[in-house]
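Me: I've got a model open on my screen and would like to talk it through. Can we go feature by feature?

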Amino acid sequence: MTLVIENVKARRDRNIVEHAQQVADAQAEAGRKSSVKMDDTLRIQREMIYDFRDYVMSDGDLTEITQRIWDNFF
């Protein structure tokens, strides 16, 4: 009888550990997905800023650029 009880306890303990591992794996995967999404967002913003910087540097007419920015945002 004690062998049966020990097997039941061992199975229960194994299930608890497996469940905890699955939860930890799911949380780690969610963290990685979130990190990739944030990295993509920052990459797009960085590209937009660099493109605008290059445009400003190549155009040379800061008065017109400043006026257009002013008109669009205020």
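Me: Which residue forms a salt bridge with Asp 54, and how far apart are the closest N and O atoms?

Reply: Keep in mind that this is a predicted model. Asp 54 is partly exposed at 38% relative accessibility, and Arg 53 is partly exposed too, at 40%. A salt bridge needs a Lys or Arg side-chain nitrogen within 4 Å of a carboxyl oxygen. Asp 54 meets that with its partner, and the name and distance are Arg 53 and 3.1 Å.

Me: Is Arg 12 buried, exposed or partly exposed?

Reply: Buried would mean under 20% relative accessible area, and exposed would mean over 50%. Arg 12 comes in at 48%, so the label is partly exposed.

Me: Where do Glu 47 and Arg 43 lie?

Reply: Their side chains meet in a salt bridge, 3.4 Å from N to O. Glu 47 has a relative accessible area of 40% and Arg 43 has 35%, so both count as partly exposed. The two are 4 residues apart, about one turn of the helix, and that helix is α1.

Me: Why might a spacing of three or four places matter in a helix?

Reply: An α-helix has 3.6 residues a turn. Residues three or four places apart therefore point the same way.

Me: How many aromatic pairs are there, counting ring centres within 6.5 Å?

Reply: Ring pairs are described by the distance of the centres and the angle of the planes. Phe 52 and Tyr 55 have their ring centres 6.4 Å apart, inside the 6.5 Å cut-off. The count comes to 1.

Me: What kind of pair do the rings of Phe 52 and Tyr 55 make: stacked, edge-to-face or tilted?

Reply: Both residues sit in helix α1 (residues 2-59), 3 residues apart, about one turn of the helix. Planes under 30 degrees apart would count as stacked and over 60 as edge-to-face. The planes here are at 40°, so the pair is tilted.

Me: Which helix gives the most to the nonpolar patch?

Reply: The patch on the surface is formed by Phe 52, Tyr 55, Ile 69, Trp 70, Phe 73 and Phe 74, with about 720 Å² of accessible area together. Phe 52 has a relative accessible area of 41%, and Tyr 55 has 32%. Both α1 and α2 supply at least two residues. With 3 residues, the biggest giver is α2.

Me: How many buried residues does α2 have among its 12 residues?

Reply: The helix runs over residues 62-73. From its first C-alpha to its last it reaches 16 Å, close to the 16 Å expected at 1.5 Å a residue. It's hardly covered, and the count of buried residues is 1.

Me: What separation do the C-alpha atoms of Gln 67 and Ala 30 have?

Reply: Gln 67 lies in helix α2 and is partly exposed, with 42% relative accessible area. Ala 30 is 37 residues away along the chain. Their C-alpha atoms are separated by 44 Å.

Me: What is the radius of gyration of the protein, and why call it more spread out than a compact globule?

Reply: The secondary structure comes to 2 helices and 0 strands. The globule rule gives 11 Å for 74 residues, and the value here is well over that, so the protein is more spread out than a compact globule. The C-alpha atoms fill a box of roughly 90 × 25 × 5 Å along the principal axes. As for the radius of gyration, it's 29 Å.

Me: What percentage of the 74 residues do buried residues make up?

Reply: To count as buried, a residue has to be under 20% relative accessible area. The protein exposes about 6900 Å², and carbon and sulfur atoms supply 59% of that. Buried residues make up 3%.

Note on methods
Residues numbered from 1 in each chain as written. Predicted model: local features only at pLDDT ≥ 70, side-chain atom pairs only at ≥ 80, totals over all residues. Heavy atoms only, no water. Phe/Tyr/Trp six-rings, centres within 6.5 Å; stacked < 30°, edge-to-face > 60°. Buried < 20%, exposed > 50% of the residue type's maximum accessible area, 1.4 Å probe, protein only. Expected span 1.5 Å × (residues − 1). Patch = residues over 30% accessible without salt bridge, like charges linked within 9 Å, V, L, I, M, F, W, Y side chains within 5 Å. Areas by Shrake-Rupley, 256 points an atom, 1.4 Å probe, with all protein chains shown as cover. Rg over C-alpha atoms; globule rule 2.2 N^0.38 Å.
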